[in-house]
Amino acid sequence: MSIDNDVLRGGLHVSDELLGTILPIVVYWVYSGLYCLLGGMENYRLHTKKDEDEKNLVTKKEVVKGVLLQQVVQSIVATVLFTVTGNDGDSEGNQHGFLVLVRQLFVAMVILDTWQYFMHRYMHQNKFLYKHIHSQHHRLVVPYAFGALYNHPLEGLLLDTIGGALAFLFSGMSPRASIFFFSFATIKTVDDHCGLWLPGNLFHIVFKNNSAYHDIHHQLYGSKYNFSQPFFVTWDRILGTYMPYALVERPEGGYEARPDKDCKDD
């Protein structure tokens, strides 16, 4: 790797590969930490604080431990991936223009969405996998930001880590581009689990797949719907698992993502 492919930070030589491994983890805790500071905003919550305390089946301490475990595995896989591919980010960055980068990021988004939709849906359809693996994530009936990556370790490996690796490999992006892609994907995933509907939130404006959309999936009546994550709702629409909803204000304050009655009765 050439010296130009590294970033000088405080006198330390930090490679793109190291940043691509570590920065998404830092972003996860910083961004979810910001939402923790906003968590008391009852007028913007999709569930009350009382619901969060009473309905969730796992302590926040266990959630933190589970997320940290997944991030350790994620870091190991990323290190191995960057080592094996030996991708020269400097060469790629100099030769390819902005439009190529945009194409690569879009391809990566499509690949990650496709992988996660079908793996996620299968984990709901297979009773063994749901009972022993995926149900761990659904212990959070009322999602919150730093619980976004609370999964069974095997699910974290299959759904998130391998899905990210495939997106990286088949999009052709460099380690430098992966810094932005995985940091953005991390922010998006945290936002989808934040449990808040904040006015002016660009993720809610730009993406149909947002905190209200994913909240439907975490409820019992929505467990067969809204599998798509983390970017688009395309596969849900194509394959009939899209549950439309309306965002309504609760009399006591806050919002509720209320599904269409016909879907909810199903």
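A crossing of two helices is left-handed if the near helix is turned anticlockwise from the far one by less than a right angle, and right-handed if clockwise. By that rule, H5 and H7 make a right-handed crossing. This is a predicted model, in which local features need pLDDT of at least 70, side-chain atom pairs count only at pLDDT 80 or more, and totals for chains, interfaces and linings use all residues. Residues are numbered from 1 along each chain as its sequence is written, and side-chain values use heavy atoms, without hydrogens and water.

**Cavity**

- A search of the whole structure finds 1 cavity of 30 Å³ or more. A cavity here is a set of points, on a 1 Å grid over the protein atoms alone, where a 1.4 Å probe fits but cannot get out.
- The largest cavity has a volume of about 600 Å³. Volume is the space filled by probe spheres set on the points, with grid points joined across faces, edges and corners.
- Its lining has 35 residues, where lining residues have an atom within 4 Å of a point. Gln 74, Gln 116, Asp 160, Thr 161 and Phe 182 lie nearest the cavity's centre.
- Two or more lining residues come from each of helix H1 (16–38), helix H3 (60–85), helix H5 (98–125), helix H7 (153–171) and helix H8 (175–192). Helices are DSSP runs (H or I, at least four residues), as strands are (E, at least two), numbered from the N terminus.
- By class, the lining has 15 nonpolar, 17 polar and 3 charged residues. Ala, Val, Leu, Ile, Met, Phe, Trp, Tyr, Cys and Pro count as nonpolar, Asp, Glu, Lys and Arg as charged, and the others, Gly among them, as polar.

**Helix packing**

- Two packed helices are described by the angle between their axes and the distance between the axes. Axes are lines fitted to C-alpha atoms, for helices over the stretch in contact, and angles run from 0 to 180 degrees between N-to-C directions.
- H5 and H7 pack at about 155°, with axes 8 Å apart. H5 is therefore roughly antiparallel to H7. Angles under 35 degrees count as roughly parallel, over 145 as roughly antiparallel, 65 to 115 as roughly perpendicular and the rest as oblique.
- H7 and H8 pack at about 135°, with axes 11 Å apart. H7 is therefore oblique to H8. Their crossing is right-handed.
- H5 and H8 pack at about 40°, with axes 11 Å apart. H5 is therefore oblique to H8. H5 passes H8 in a right-handed crossing.

**Backbone in the H10–H11 loop**

- Most residues other than glycine have a negative phi, and most peptide bonds are trans.
- Asn 226 lies in the loop between H10 and H11. Its phi is positive, near 55°.
- Pro 230 lies in the loop between helix H10 (211–218) and helix H11 (234–238). The peptide bond from Gln 229 to Pro 230 is cis, with omega near 0°.

How values were computed:
1 Å grid on protein atoms, 1.4 Å probe; cavity = no way out; pocket = protein on both sides within 12 Å on 5 of 7 lines; lining within 4 Å.
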